[in-house]
Amino acid sequence: MKYLRPFYYSFPVQLVLLHFKKFQVLLVFWIILFSTLNGGFMSSFGADALFFSPEYLGKVNAISAAIVGVGTGVFIMSWDITTFILFSRHFRFLATTSRPFLKYCINNSIIPIGFLLFYFVKALRFDITKELISGVDMFFLIMGFLLGLALVIIFSLLYFFGADKTIIRQIAPVIGDPKLFKSQFRHNEVKLNESRVIKVQWYLNTPFSFKKVRDVSHYSLEFIESIFNRHHFAAILSIFAAFVFLVVVGFFMDNPIFQIPAASSTLIFFAILISLSGAFSYFLQSWSIPVMVVLFFVLNLLYKYDVIDPTNKAYGLNYTNRDDRPAYNEQSLLNLCSDDHVKRDKENMIGILEKWRKKQKEEKPVLYIINTSGGGNRSATFTMNVLQRLDSMVGGQLMDKVFLITGASGGMFGTTYFRELARLKKEGDHSINLSDPKYVDAISGDLLNPLFSSFVARDLASPAQKFSVGKYEYIKDRGYAFEQKLAENTKGVLDRRMKDLYEDEKNAVIPLMLFNSVITRDSRSMIISTQPISFLMRPLYDSTRMPPITPDAIDFGAFFHKQDPMNLRLLTALRMNATFPYVLPNVWLPTKPVIDVMDAGFRDNFGEETAIRFINVFKNWLNENTSGIVFLQIRDRKTGGWQNPYESKDITEIVTKPLLLLQYNWYKMQEYNQNDLVSLLNNEIGTPFYKLIFQYVPKSESEAATLNFHLTKEEKVDIANAVTGPGNRQSFRLAQQYMKEGLPGIKAGLTLKP
């Protein structure tokens, strides 16, 4: 007890207790950061990798680490500045110390030091095991981080030392003049037992020495407040400077130099949020919540009356003419898939099928359809690996044998990139070697850093900037940043518009691709294709035996025929297909009423539902003109629904489990339903039907690649090794046999699974 009491009433301990007692909202930011580093908060999106392996100009090095160190320093100093403003009046002895802000920072360092130690331990483990970084490179990363952190802290303290000198110069005449000095003393002296003052006996005068608190009861309240107010003004100026920096970064973000690591921009944004939270609490006191409610209603009114518009658009589509926007209702959709439209579109597609058949060596060739699953960069990378291996097995003729490609999210990134490379090679670009591993590196490149950086620096901080696609203008946001980075990673190969692909798909030069997305209003599919596809808008049915079926899918081109649909960017079609909630913005479309779309995986994560409907529509032609159909399904998770079971491990999950069942099991339910559809298809069509599965199976579940837009080096190696796993080797052997020798003469309808 002799030493416990002084320890308890020491300034560092009292500050920690005060953080938990008052303004707990400021601790939320620390909790988020600790959780992120520990692999909790947004771990499935790879948020921890943004901190441990930050990229700048495409490299993870001492410079990128230094920029994150700068961001960390800004965050820590913002934390110190804001809490100094909020708490300094509780510790009035600081006003009589030399360099009060420095003293405050030293005593307020328990949480920041704990964070830094936790960061270094986690970073070492992550970079060595996940990023496979050598000890020497790791040393330079740490030194870079510490240098960036030290620069900010030193600069901030020098700034406040300058503020201290200014304050001393302003107060010196008062202290030197007995009359002025006397005016600062009144009978209402400051008593340490006031309710606003917390008892402190000792404080850290330097990082390694304690000093007893000085009695300030003989100073007037006004005198102490004047000193603190001068420090507070200096603190507010420094926070304003951080905000201006973030605005500048967002404004010039198209320049790679300003594309700072996402971890740094996030930390700077958190610093600003801390300051704003502190400002609300400091200036508004109990009025904070009412004012926030009023601000919310004001923003809502501005959005309602089109004064502000934060929604993301489909780049290339015409949003300008509101009178020509299509009506989104049942009758409008029924008109699109009328008997006449379906007949016309089927004839067009049969013409494409005929052109595809004529370029095959066999009179009745095998029709191949690629189904590829969502799964961010891991699916894109695995898909590219599989396609390269398949293509090399058949002498570079894979894209000639495949007629249709469907799927979701990352898988479509990989297939679209591979198809575009094959198209460019066919057009005469002999520099392209489809088996070159550099294309795997390109499609697996980081997309998460620019996405998060743009969200913080551009979406939330900077004034709106515009860019053009054809004759239409759009606001730059994180959707734009995502597309630009994907285009940059793939060296512009994917920077096309749908009309650029029309002729090649029309003439069956390249496989037809269907880009799906899900309408959030009612879960209908929005299918983007260069060709009219009204026959896919609803299932086939006998109108003499069944009531009319409402369309559950929409032909994007036909529905938006007045909005210049073929001007749509290919990159935007891919993004609409991969719009995971919150990570990417939902795309809002020019309809009446307005609708928005998101990730195709919420309805058809494997593209199988669309492919089965296509086969069902053209089964007669397929029976007459092909010797069979083969689904090449490329997926980023194991079949059977055994991966990541939702188990109750603590009592809270007993309560939350019913609410989260759908979230955890939606892709499994899709698989069960689609297996049922495949079974029905086997029994319905007359031509032989096969399904080969290529699946990413990690060497261990604990080391599986995460579902996000960033992959570590260890994850890339694991994905590459998974391509040649036992099950996949069997699928490759069968695929090579089918493509070179044709399908075996077995009973029609039998499905082979490796």
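Does Val 136 count as buried or exposed, and at what relative accessibility? At 56% relative accessibility, Val 136 counts as exposed, where exposed means over 50% relative accessible area, buried under 20%, and partly exposed in between, with a 1.4 Å probe and protein chains only. The model is predicted, so local features need pLDDT of at least 70 and side-chain atom pairs count only at pLDDT 80 or more, whereas totals for chains, interfaces and linings use all residues. Residues are numbered from 1 along each chain as its sequence is written, and side-chain values use heavy atoms, with hydrogens and water left out.

**Overall composition and surface**

The protein has 29 helices and 15 strands, these being DSSP runs (H or I of at least four residues for helices, E of at least two for strands) numbered from the N terminus. Buried residues make up 54% of the 754 residues. Of the contacts (heavy atoms within 4.5 Å) with a separation of 6 or more, 79% are between residues 24 or more positions apart. The accessible surface comes to about 34100 Å², and carbon and sulfur atoms account for 61% of that area, as computed by the Shrake-Rupley method with a 1.4 Å probe, for which only the protein chains shown count as cover for residues.

Val 136 belongs to helix α8, residues 135-176. Together with Phe 139, Phe 140, Met 143 and Leu 146, Val 136 makes a nonpolar surface patch of about 470 Å²; patch residues have over 30% relative accessible area and no salt bridge, and nonpolar side chains are joined within 5 Å.

**Helix α21 and its surroundings**

In helix α21 (residues 498-506), the buried residues are Met 498, Leu 501, Asp 504 and Glu 505. Seen down the axis of α21, these buried residues fall within an arc of 120°, so they line one face of the helix, the arc being that of the directions from the helix axis to the C-beta atoms. The buried residues of α21 pack against several elements, including α14 (339-358), α17 (409-426) and α23 (570-577). Ala 508, which follows α21, has a positive phi near 60°.

**The parallel sheet**

Five strands form an open sheet in the order β8-β5-β4-β14-β15, with parallel pairing; two strands pair if DSSP finds at least two bridges between them. The edge strands, each pairing on one side only, are β8 and β15 (689-695). Strand β14 (residues 628-635) is joined to β15 by seven bridges, and Ile 629 stands opposite Phe 689 in β15.

**Salt bridges**

The structure holds 21 salt bridges, each defined as a side-chain nitrogen of Lys or Arg within 4 Å of a carboxyl oxygen of Asp or Glu. Three of them are listed below.

| Pair | N to O distance |
|---|---|
| Arg 357 and Glu 354 | 3.0 Å |
| Asp 495 and Arg 569 | 3.4 Å |
| Glu 714 and Lys 699 | 3.9 Å |

Arg 357 and Glu 354 both lie in helix α14, three residues apart, about one turn of the helix, and Glu 354 is partly exposed at 22% relative accessible area. Asp 495, in the loop between α20 (478-489) and α21, and Arg 569, in the loop between α22 (556-559) and α23, are 74 residues apart, and their pair links distant parts of the chain. Asp 495 is partly exposed, with a relative accessible area of 40%, whereas Arg 569 is buried at 7%.

Conventions. Patches are made of residues with over 30% relative accessible area and no salt bridge: like charges are joined within 9 Å, nonpolar side chains (Val, Leu, Ile, Met, Phe, Trp, Tyr) within 5 Å.
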